[in-house]
Amino acid sequence: MLAARLVGTLEASVAHFLVSTDQNLGHLETQLQHDLQALLRETLRRAAQAKADATPPRCPVCGQPLSRCSSGHARTFQTRFGDITLERTRGYCQRCRQWRIPADAALGLDDTTGYSPTEPTAEEVAKEIAYLREPQARMDYRAGRRAGEPLGSGAVEATCRQAQCRFKRPGQFWSTAGDEALLCLETFWHNDRWSLFFPTRPSTLQEIEMRPQGAKGRMKA
Ligand SMILES: [Zn+2]
């Protein structure tokens, strides 16, 4: 009967598409997807409700029959096919001294806050979104390439490694002030800007210029 309903819905969408001058194939694809989704959601809801109704009013933890049972406790769940709302029976387990909803346990909805068991939790989704959003401003690779900027992180990683080799030697400990001062000196040294610190020492500058090529860019202890 549901299959017949789906065929009817799909055929109606196709008929509407054929007589509409403002609908292209993309519109029809979206509509058919929507029709199918609605039917899948309804199938899922009916099946879940039937299973909830057939679940005996026993405590899912200890098996004790529940007392003070009342039906019609609605709860909406997000599923792969959209939101569905179920009505469940709630009862009190005198052995556990807890209110229980056996249908939630039978459907695997116990510990999922508003989601079906296949859906990722809201926290997981939020984490992934933040992971993608946070560096978004730095991810305009097209603009970077146009400006002639390096796109890879290799240069920065290599520089970090180089600095670490200099400052994380066995037995070394640094205060923030000392570490920053020496890092600054090291950076000036490697960029051949030593003269900015020591303008009155030309002989040393000359030595820097006369360093053999192989020694250039290597860290000095
Ligand atoms: Zn119990």
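What arrangement do the four donor atoms around the zinc ion make? Let's find out in the viewer.

This is a predicted model, in which local features need pLDDT of at least 70 and side-chain atom pairs count only at pLDDT 80 or more, while totals for chains, interfaces and linings use all residues. Residues are numbered from 1 along each chain as its sequence is written, and side-chain values use heavy atoms, leaving out hydrogens and water.

**Stop one: the zinc ion.** Select the SG atoms of Cys-59, Cys-62, Cys-93 and Cys-96, which coordinate the zinc ion at 2.2 to 2.3 Å. (Donors are N, O and S atoms within 2.8 Å of the metal, or 3.2 Å for Na, K and Ca; water is not among the atoms, so sites may look incomplete.) The angles between the four donor atoms are 98 to 115 degrees, so the arrangement is tetrahedral (four donors with all angles between 85 and 135 degrees). Along the sequence, the donor spacing reads C-x2-C-x30-C-x2-C.

Cys-59 is buried at 3% relative accessibility, and Cys-93 is buried at 0% (buried means under 20% relative accessible area, with a 1.4 Å probe and protein chains only).

**Stop three: the strands.** Colour β1 (67–79) and β2 (residues 82–93); strands are DSSP runs of E, at least two residues, numbered from the N terminus. Nine bridges join this antiparallel pair (pairing takes at least two DSSP bridges), and two residues separate the strands in their hairpin. Click Arg-75 to find Leu-86 of β2 opposite.

**Last stop: β3.** Select residues 98–100, which pair antiparallel with β2 over three bridges. Here Arg-100 is the bridge partner of Gly-91. In the hairpin of β2 and β3, Arg-97 has a positive phi near 55 degrees.

Definitions and conventions: Tetrahedral: all angles 85-135°; square planar, octahedral: opposite > 155°, others 65-115°. Helix = DSSP H or I, 4+ residues; strand = E, 2+ residues; numbered from the N terminus. Buried < 20%, exposed > 50% of the residue type's maximum accessible area, 1.4 Å probe, protein only.
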